[in-house]
Structures are given as C-alpha cells and as structure tokens.
Amino acid sequence: MIALDDFGRAQAVSTRLWTAVRRARGPLPPTLEWTHIPGAFTLEELAVLMQGLPLGGNRPSEQTVALVDGDQFNRESNEHRIGEAYRRKPRTQLFESIGVQSGGWAAQAEVLLARLARCSVVCDMYVSYTGDASMDPHIDAWYGVILQVFGAKTWTLWNEDGNPHEVTTNAGDILLLPRGVTHAINTPHYSVHVVFGLMT
C-alpha cells in the first residue's frame, strides 16, 4: 500500500516505475520497442495518488494548463479561461511540469527518478474526455514512463517494422515509450495519466 504522505507516495511510485524501466532494459534500449505492464498499481493505491494531483480545487493558480489540438497548445492558468477555452473546443488538457508547478508527491518522485536514471526528469499530467481533440501522431524527445492513474487511454504505436499496434492502458497500467516511438492517442472514456519524461 502506498503511504499517505507525499514522500511515501513518491518513494513507492518511483521505485515501482524504475523497476519497470530496468526490466524493459531502459531508459536507453537498443530498439524502439515499447513495453505495456498491466495492473502495476492497485485501484486503492491510485486513489491515494489521485489525492495528490492538481485536479479541481487542488490545482494551484500557478499551474498552467495547455489545451492540446494537433500541434497547437493554448496555455492558460486562469480557471475561467481554461473552462471557456475548453467549451469552445473540447481538447486534452496538459498540466505541464506538475512537479515544479504543483509540488506534492510528483515533485519528489521527479527527484528520486532523476537520481536513479541519472538524468533530468519532468512530470506532466494529461486529462481527457471522450472525443477530446489531442495531438497528431508524434515522436517525443524523451523516454516516457507513463502511469494511467484513472480511466483508460488507447495508444497507436509504431515499432521499427512500421506497422501500427494498438494498446489500451487501464487504470494502474504502466506504458514505457522509448524516445523515437511514433504514437497517437485516443480517449475511450475519461482519462488521467501522468508522464515522467526521462531526458536521456
């Protein structure tokens, strides 16, 4: 069970994520093979983690939210403006650098993962509803350690063979995306996932 204090949460999350990365021979694997690990966290553990995320009334005023559409990012920090922009066009909401801007367990997990990986780490959070516009197929410049905290997300991933593969991350799953893997994302239902970007 994950402890209720921020450091306990951070230690439990970073240890489990790093174990997954090392088992997948990351963060610098020789190929573009992604790894999906179902059920790495229990629903009870996720409920504890959700309490420490900048959602709803827990979002500090300095926490920016980027509304994502293709390759366009409309950044806002004012709650009213975020709501208005979302009503005009429903889009995935990217909470950027939550470790720096919101603190909590994510900030401490960033530090712990950075020590383990010996590189900079940034933690972002993505919130999506069914039908939200999102990013076009793209490649990230970091090794992505993704934890599905709530709901589900459908990922289309392209391996070195050039053929698309589809995987759905459900709450508690980990998805590891090496730098250079082309991917696109859809939301079958409400989804919250966090990404620890290892800047290798």
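**A short tour of a predicted model**

At 72% relative accessibility, proline 30 counts as exposed, where exposed means over 50% relative accessible area, buried under 20%, and partly exposed in between, using a 1.4 Å probe and protein chains only. Hello everyone, and let's start from that residue. Proline 30 sits in the loop between α1 and β1 (35-37). Helix and strand names here refer to DSSP runs numbered from the N terminus, with helices being H or I of at least four residues and strands being E of at least two. From proline 30 to valine 100 is 70 residues in sequence and 31 Å in space, C-alpha to C-alpha.

A quick word on the ground rules. This is a predicted model, so local features need pLDDT of at least 70 and side-chain atom pairs count only at pLDDT 80 or more, while totals for chains, interfaces and linings use all residues. Residues are numbered from 1 along each chain as its sequence is written, and side-chain values use heavy atoms, with hydrogens and water left out.

Now please look at helix α3, residues 79-88. Which of its residues are buried? They are Ile82, Gly83, Ala85 and Tyr86. These residues are on the same side of α3, because they cover an arc of only 165° around the axis, the arc being that of the directions from the helix axis to the C-beta atoms. On the face turned away from that buried side you will find the exposed residues His80, Arg81, Arg87 and Arg88. And what covers the buried residues? The cover includes β2 (65-69), β3 (72-76) and β4 (92-95), with contact meaning heavy atoms within 4.5 Å.

The N-terminal end of α3 has a cap, asparagine 78, with a side-chain oxygen 2.9 Å from the backbone nitrogen of histidine 80. For polar contacts in general, the pair of N or O atoms must be within 3.5 Å; within protein, one must be able to donate a hydrogen and the other to accept it, and residues adjacent in sequence count only if both atoms are side-chain atoms.

β2 and β3 run antiparallel and are joined by 5 bridges; strands pair if DSSP finds at least two bridges between them. Valine 68, for instance, has phenylalanine 73 in β3 as its bridge partner. The hairpin of β2 and β3 has 2 residues between the strands, and glycine 70 there takes a positive phi near 65°.

On to charged pairs. How many salt bridges does the structure hold? There are 6, counted where a side-chain nitrogen of Lys or Arg is within 4 Å of a carboxyl oxygen of Asp or Glu. One of them joins aspartate 69 and lysine 89 at 2.3 Å, N to O. Aspartate 69 lies in strand β2 and lysine 89 in the loop between α3 and β4, so this pair ties together parts that are 20 residues apart in sequence. Aspartate 69 is partly exposed at 22%, and lysine 89 is partly exposed at 38%.

Another salt bridge is formed by glutamate 84 and arginine 87, at 2.9 Å, N to O. Both residues lie in α3, 3 residues apart, about one turn of the helix. Glutamate 84 is partly exposed, at 30% relative accessibility, while arginine 87 is exposed, at 57%.

In helix α1 (residues 6-23), aspartate 6 and arginine 9 are 3 residues apart, so about one helical turn separates them. Their salt bridge has its closest N and O atoms 3.6 Å apart. Aspartate 6 is partly exposed at 30%, whereas arginine 9 is buried at 7%.

Finally, the interior. In soluble globular proteins, nonpolar side chains tend to be buried together. Here the largest nonpolar core has 41 residues, and those with the most contacts inside it are Phe41, Leu53, Trp105, Met125, Val194, Phe196 and Leu198. A nonpolar core is a set of buried Ala, Val, Leu, Ile, Met, Phe, Trp, Tyr and Cys residues joined through side-chain atoms within 4.5 Å. A second, separate core of 15 residues includes Ala66, Tyr126, Leu177 and Val181.

My last stop is helix α2 (43-51). Its buried residues are Glu45, Leu46, Val48, Leu49 and Met50, and they pack against α1, α5, β6 and β10.
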